[in-house]
Amino acid sequence: MDELRDVLDAVGPKLRSLRKQRDITLAGLSAATGISQSTLSRLESGSRRPNLELLLPLARAYGVPLDELVGAPAMGDPRVHLRPVKRHGMTFVPLSKRPGGIQSFKLVIPPRPKSYQPELRTHEGYEWLYVLDGRLRLLLADHYHVFKPGEVAEFDTHVPHCLIPDDDRPVELLILFGPQGERVHLGGGKESRRDY
């Protein structure tokens, strides 16, 4: 019973740490989970015991397994379980599982119709990408650059930008971005334009 109490006592600090790493406010987390700000605050301070009804939406909001929230011991399996996410017509495949900080993804951008009008957008953060397959056209402000497999780019995402295939084939990339970029691309964060 002492072991269970110790595990439950560790959940509050873990929740607070995750929220701070992701730079999320209590109000933002409340909106994402449907859990009141006061309940979230009490969970983080340890004055409210966590239960499954509260932990499940929090695990979903943070994109982590439930056992990670409660500090369950690792089972020794280092594999990242790939769960592709489709956003803005693109497929993001997470390649890292550590919450917060820099995250890595495989990104597949399908070809666009000839009539497609790319929209440049900006957001907080910085991005790094490596072209695996296809030809990438990176639009940065008033310029564009074409990258082929094996080429790398990094840029400040305050600069208006857009990633699209340079021809009629999909482009596959490895891409890294921090918590701000992850929220914009995968978490419904606020960005200046709807399309990538």
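This is a predicted model: local features need pLDDT of at least 70, side-chain atom pairs count only at pLDDT 80 or more; totals for chains, interfaces and linings use all residues.
Buried means under 20% relative accessible area, exposed over 50%, and partly exposed in between (1.4 Å probe, protein chains only). Residues are numbered from 1 along each chain as its sequence is written, and side-chain values use heavy atoms, with hydrogens and water left out. The structure holds eight salt bridges (a side-chain nitrogen of Lys or Arg within 4 Å of a carboxyl oxygen of Asp or Glu).

**Lys106 and Glu172**

- Lys106 pairs with Glu172 in a salt bridge whose closest N and O atoms are 3.1 Å apart.
- This pair links distant parts of the chain, 66 residues apart: Lys106 lies in strand β3 (residues 103-109) and Glu172 in strand β9 (residues 171-177). Helices (H or I, at least four residues) and strands (E, at least two) are DSSP runs, numbered from the N terminus.
- Lys106 counts as partly exposed because its relative accessibility is 27%, and Glu172 is partly exposed at 26%.

**Asp166 and its arginines**

- Asp166 meets Arg135 in a salt bridge (3.4 Å, N to O).
- Asp166 sits in the loop between β8 (161-165) and β9, while Arg135 is in the loop between β4 (126-133) and β5 (136-140), 31 residues apart.
- With 33% relative accessibility, Arg135 is partly exposed.
- Asp166 also forms a salt bridge with Arg137 (2.6 Å, N to O).
- Arg137 belongs to strand β5, 29 residues from Asp166.
- Arg137 is partly exposed too, at 24% relative accessibility.
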